[in-house]
Amino acid sequence: MPPRALLELADQIRALATTGLHYTEGSFDRERYEKLLTLAAKLAAQATIADAQKLDLVFRAADQGYVTPKLDVRLADFRGDELLLVREQMDGRWAMPGGFVDVGDSPSEAAVREAVEEAGVVARVQRLAGVFDTRLQPDCPPHLFHIHKLVFTGLLVDPHAVPRAGSEATEARYWPLANLPELSLGRTLPLHVREALRVARDPNALPYFD
């Protein structure tokens with residue numbers, strides 16, 4: 001079984017076990033759900049270089065209650081035929097500013113916050129470009145958790161502002177759409193860029209969704 005399929009299966013088992021632990025009142029069921037979490041971690045370890053015991057701790061700390069997919073947002077800011085990208089510290093590749101939605105943020109507020117934190121610019125969201133399920137995108141590398149990604153189009157409040165890298169990026173700059181750098185595919189896919197550009201250029205375009 002390929003690594004992506006193993007991780008998807010492990011995450012589904014983790015979600016069922018975590019949700020079961022939240023609702024069960026029986027000691028025997030709790031014991032079974034605990035074992036399922038351990039098995040999920042061992043399964044995920046088969047698809048990664050991580051240690052099964054460490055993944056077990058990650059799985060137990062990841063969620064409480066009814067488990068749902070995680071929510072990631074990205075902001076596509078086009079300046080003519082250029083796109084604002086940040087260079088990620090983790091892999092040295094490039095992505096649209098973004099990250100996970102914090103509790104208390106709306107998705108659009110999170111996109112604005114991430115633009116400030118990663119690219120040093122203040123933006124306003126204009127439209128939703130698409131809702132993407134990372135597990136349905138073959139170009140996206142396997143993730144430990146199930147993620148839904150919302151991509152917004154936006155504009156800078158000050159169109160003359162110069163991007164500057166924040167704490168989670170090493171560079172921030174506009175790139176020509178015809179010559180984009182190597183993308184950090186776990187964060188931004190060519191599909192995200194294409195759909196954002198389509199929506200940004202056509203006021204009647206509907207958002208993409210899986």
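A: A nonpolar core is a set of buried Ala, Val, Leu, Ile, Met, Phe, Trp, Tyr and Cys residues joined through side-chain atoms within 4.5 Å; buried means under 20% relative accessible area, exposed over 50%, partly exposed in between (1.4 Å probe, protein chains only). This is a predicted model: local features need pLDDT of at least 70, side-chain atom pairs count only at pLDDT 80 or more, and totals for chains, interfaces and linings use all residues. Residues are numbered from 1 along each chain as its sequence is written, and side-chain values use heavy atoms, with hydrogens and water left out.

Q: Which residues touch the most other members of the largest nonpolar core?

A: In general, nonpolar side chains in soluble globular proteins tend to be buried together. Here the largest core has 19 residues, and those touching the most other members are Ala76, Phe78, Leu83, Leu85, Met96, Val151 and Ala196.

Q: Which element gives the most to this core?

A: Elements are DSSP runs numbered from the N terminus: helices (H or I, at least four residues) and strands (E, at least two). Helix 5 gives the most, five residues.

Q: What is Phe78 in contact with, beyond four places in sequence?

A: Contact means heavy atoms within 4.5 Å. Among the partners of Phe78 are Leu83, Leu177 and Ala196.

Q: Which residues of helix 4 are buried?

A: They include Ala110, Arg113 and Glu114. The buried residues of helix 4 pack against several strands, including strand 1 and strand 7. Just after helix 4, Gly120 has a positive phi of about 65 degrees.
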